[in-house]
Protein chains: 2
Amino acid sequence: MATSTPAILPRVSCDQCPLRQCRSFRDFSSEELGFVHDFKTGEVSAAQGMSIMVEGERNPQLYTVLSGWGFRYKILEDGRRQILNYVLSGDLIGLQGHLMEEMQHSIEALTRMTLCIFERDKLPKLFRHHPSLAYDITWLAAREESMLDEHLLSIGRRSARERAAYLFAFLDARVKSVAAPPADRPFILPLTQQHVADTLGFSLVHTNKTLRRLVQQGLIRWLDRGCEVLDTERLYHVAEWRPPKEGKRPFI
Amino acid sequence: MATSTPAILPRVSCDQCPLRQCRSFRDFSSEELGFVHDFKTGEVSAAQGMSIMVEGERNPQLYTVLSGWGFRYKILEDGRRQILNYVLSGDLIGLQGHLMEEMQHSIEALTRMTLCIFERDKLPKLFRHHPSLAYDITWLAAREESMLDEHLLSIGRRSARERAAYLFAFLDARVKSVAAPPADRPFILPLTQQHVADTLGFSLVHTNKTLRRLVQQGLIRWLDRGCEVLDTERLYHVAEWRPPKEGKRPFI
DNA sequence: CGTATGCTTGACCCCTGTCAAGTTTGGTGG
DNA sequence: CCACCAAACTTGACAGGGGTCAAGCATACG
């Protein structure tokens, strides 16, 4: 939870944005691309453990994740923490702080991250002049909502083993959907068992014992500070989960 | 879970919509009002227990709730059910089925409900010609997201007593925010203990015992098929929850 | 008046949290 | 290069929260 200042990087042109390499994102018209480039003010890099946003903040920056992993969370006064969701490449963060009075959750970098910074005050202009992009933003919000629905089902009704299986299947599907083309190398989910515990709503000890079972059954492998998924199909089956069939998806 | 056909009601003009009586909704310009009236195709009434939408449905109707209570839920194959959130007056439902491939959750009427029906295909037109309304829709999506965040925190990290306290405080605040002006009469939350259980992620038996404690401590009163909140402040305190300070909020 | 729905309660046991102690790994500085 | 330290992961013992089973009660409704 380091709090050093983030490193500001120069602004890279949007049409050579690395995210556009990825097949799962939709294409932009050159007009859209022009506006987005204008909307963009620069890039930042955030080190692992750094706070990207904190609950209660008013009108924070608006970012799109360009690389790395982060997580959204809330904490109770006595320190109990709940991880709400993870943020990956292509995700838009900070929107809530613009629409509502203030941020209702915090975001922390799980790995080193690079973020694309947008100009705070141009959001109304985006809605006025670029309905297709406005539609995309709404789409992203609806997608976040449906992920949260699924997490609620998981925490509320799935058993420990099912919950853990669901989490890894879910995250595995997400990384793969935004991975750069040669997507056959193994993906490591950069988590700590404490993160898993705070996501699933379990204690650290019980999380450890649950993961151990998944490891023994050959579903995952646990590394230092990371999880490798070995058998996605069986994870899906244990969790009784169907991966969302995402066609092309938008991002800003 | 009755499945009789919903009763189609005649279309009422939007400028005499009962929701506009309520102070917590923002005012519309006459131009906005004109479009919304055009967008609206009629009203339906749904009886208690009726299914409003079902998971997997493609391109369902788009509605705004005019009166009554409903709930969004998901179920696992073996019947375990998780209630995700409740829908009340002013809430927009069915948006997800338009933006994504298909509905990811179901909605059922908790009481008799009346719904305002919108024309399926005019959503793109709304985004093109009425940015302020598009903004409102995004606002509504962000608000739903922040409610779900709070529920996740609750289910993941709060104790049984805290969770129940949170739920009733939350629902009490919600009804009051959309109540017609003389808002001092007691509000009854029209729930079954089974609904509470499926919301909190508990068994029915344990839910009953938890509620009993809240009753004995004078925080709530339990009626047949309903809960009356007696001490909002203490509920807030037990749940360690701050009610959102909503100023004027939008609706469509 | 019988039946369905919803609410209550007690007994029992397993899942999960807490406490406590270790082990392994990677990094840092002498 | 080695000693030390902090993070992260393990493991066992024990207790309590919450699930399951089972039975009973109350109210509404046809």
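Predicted model: local features only at pLDDT ≥ 70, side-chain atom pairs only at ≥ 80, totals over all residues.
Residues are numbered from 1 along each chain as its sequence is written, chains are lettered from A in the order in which they are written, and side-chain values use heavy atoms, with hydrogens and water left out.

**View 1. Arg26(A) pairs with Glu32(A) in a salt bridge.** A salt bridge here is a side-chain nitrogen of Lys or Arg within 4 Å of a carboxyl oxygen of Asp or Glu. For this pair, N to O is 3.2 Å. Glu32(A) has a relative accessible area of 7%, so this residue counts as buried (under 20% relative accessible area, 1.4 Å probe, protein chains only).

**View 2. Glu145(A) meets Arg72(B) in a salt bridge.** The N to O distance is 3.8 Å. Glu145(A) sits in helix H4 (residues 131-157) of chain A and Arg72(B) in strand E5 (residues 70-75) of chain B, so the pair joins two chains. Helices (H or I, at least four residues) and strands (E, at least two) are DSSP runs, numbered from the N terminus. Both partners are buried.

**View 3. Arg143(B) and Asp91(B) form a salt bridge.** Their closest N and O atoms are 3.6 Å apart. Arg143(B) belongs to helix H4 of chain B and Asp91(B) to the loop between strand E6 (81-87) and strand E7 (92-93), so the pair ties together parts that are 52 residues apart in sequence. Both Arg143(B) and Asp91(B) are buried.

**View 4. Salt bridges link Arg72(A), Glu144(A), Glu145(B) and Asp149(B) in a network.** Over all chains, the whole structure holds 44 salt bridges.

Terms used: Buried < 20%, exposed > 50% of the residue type's maximum accessible area, 1.4 Å probe, protein only.
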